[in-house]
Amino acid sequence: MDVTFAESVFPPLALGFFGLGTGYLLYGPHELFGYPQKSDATDRALGVWGIWMPGLCQLITGIILFVGLTRLQVFARSPPLYMAALAFSAYGIHWFAIGWNRYPQQ
């Protein structure tokens, strides 16, 4: 049984850029301007948000792109999409690491 899928012209780039923007919006003011002030509650909130919003959005985008380009062939084969898949996957893991390091360990 051979299953084929229709090619999509809409790769999930918006989800990845949403994650990227959310990460910068969360961590930018805190790292650049010290707002909100550093505390256990702030570290906990930034850790959780850093893992689940930018980390998960970008990692999911990278995985969808890789699978859609290689296994399912649902996206047009183009070098920029492969580059985006790699970048979103790497940045997703990067945000997970930042969130994990920020989250207070009990």
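Arginine 102 and aspartate 43 meet through their side chains in a salt bridge, at 3.3 Å from N to O. This is a predicted model, so read the distances with that in mind. For arginine 102 that is because its relative accessibility is 15%, below the 20% cut-off. Aspartate 43 counts as buried because its value is 11%.

How many salt bridges does a search of the whole structure find? Three, and here they are:

| Salt bridge | N to O distance |
|---|---|
| arginine 102 – glutamate 31 | 2.4 Å |
| aspartate 43 – lysine 38 | 3.0 Å |
| arginine 102 – aspartate 43 | 3.3 Å |

The salt bridge between arginine 102 and glutamate 31 also spans distant parts of the chain, with arginine 102 in helix H3 and glutamate 31 in helix H1, 71 residues apart. Aspartate 43, for its part, has lysine 38 as a salt-bridge partner. Buried or exposed, what is lysine 38? Lysine 38 counts as exposed, because its relative accessibility is 60%, whereas aspartate 43 is buried. Through shared partners, the salt bridges join Glu31, Lys38, Asp43 and Arg102 into one network.

Now for the rings. There are four aromatic pairs in the structure. One of them is tyrosine 27 with tryptophan 95, a stacked pair with 5.7 Å between the centres and 25° between the planes. Tyrosine 27 belongs to helix H1 (residues 13–33) and tryptophan 95 to helix H3 (residues 79–102), so this is another link between distant parts of the chain, with the two residues 68 apart. Tryptophan 95 is buried, at a relative accessible area of 2%, and tyrosine 27 counts as buried too, at 6%.

Tryptophan 52 and phenylalanine 96 make an edge-to-face pair, 6.3 Å centre to centre with the planes at 80°. Here the link runs from tryptophan 52 in helix H2 to phenylalanine 96 in helix H3, 44 residues apart. Phenylalanine 96 is partly exposed, with a relative accessible area of 24%.

Together with Leu15, Phe18, Val48, Trp49, Leu56, Ile60 and Ile64, Trp52 makes a nonpolar patch of about 720 Å². Which helix gives the most to this patch? H2 does, with six residues, though H1 and H2 each supply at least two. Leucine 15 is one of the patch residues and is found in helix H1. Leucine 15 counts as partly exposed because its relative accessibility is 32%.

That brings us to helix H2 itself. H2 covers residues 40–70, 31 residues in total, and reaches 43 Å from its first C-alpha to its last, close to the 45 Å expected at 1.5 Å a residue. Where does H2 bend? The bend is at glycine 55, by about 35°.

Key. Residues numbered from 1 in each chain as written. Predicted model: local features only at pLDDT ≥ 70, side-chain atom pairs only at ≥ 80, totals over all residues. Heavy atoms only, no water. Helix = DSSP H or I, 4+ residues; strand = E, 2+ residues; numbered from the N terminus. Expected span 1.5 Å × (residues − 1). Bend = angle between axes of the 7 residues up to and from the residue. Phe/Tyr/Trp six-rings, centres within 6.5 Å; stacked < 30°, edge-to-face > 60°. Buried < 20%, exposed > 50% of the residue type's maximum accessible area, 1.4 Å probe, protein only. Salt bridge = Lys/Arg side-chain N within 4 Å of Asp/Glu carboxyl O. Patch = residues over 30% accessible without salt bridge, like charges linked within 9 Å, V, L, I, M, F, W, Y side chains within 5 Å. Areas by Shrake-Rupley, 256 points an atom, 1.4 Å probe, with all protein chains shown as cover.
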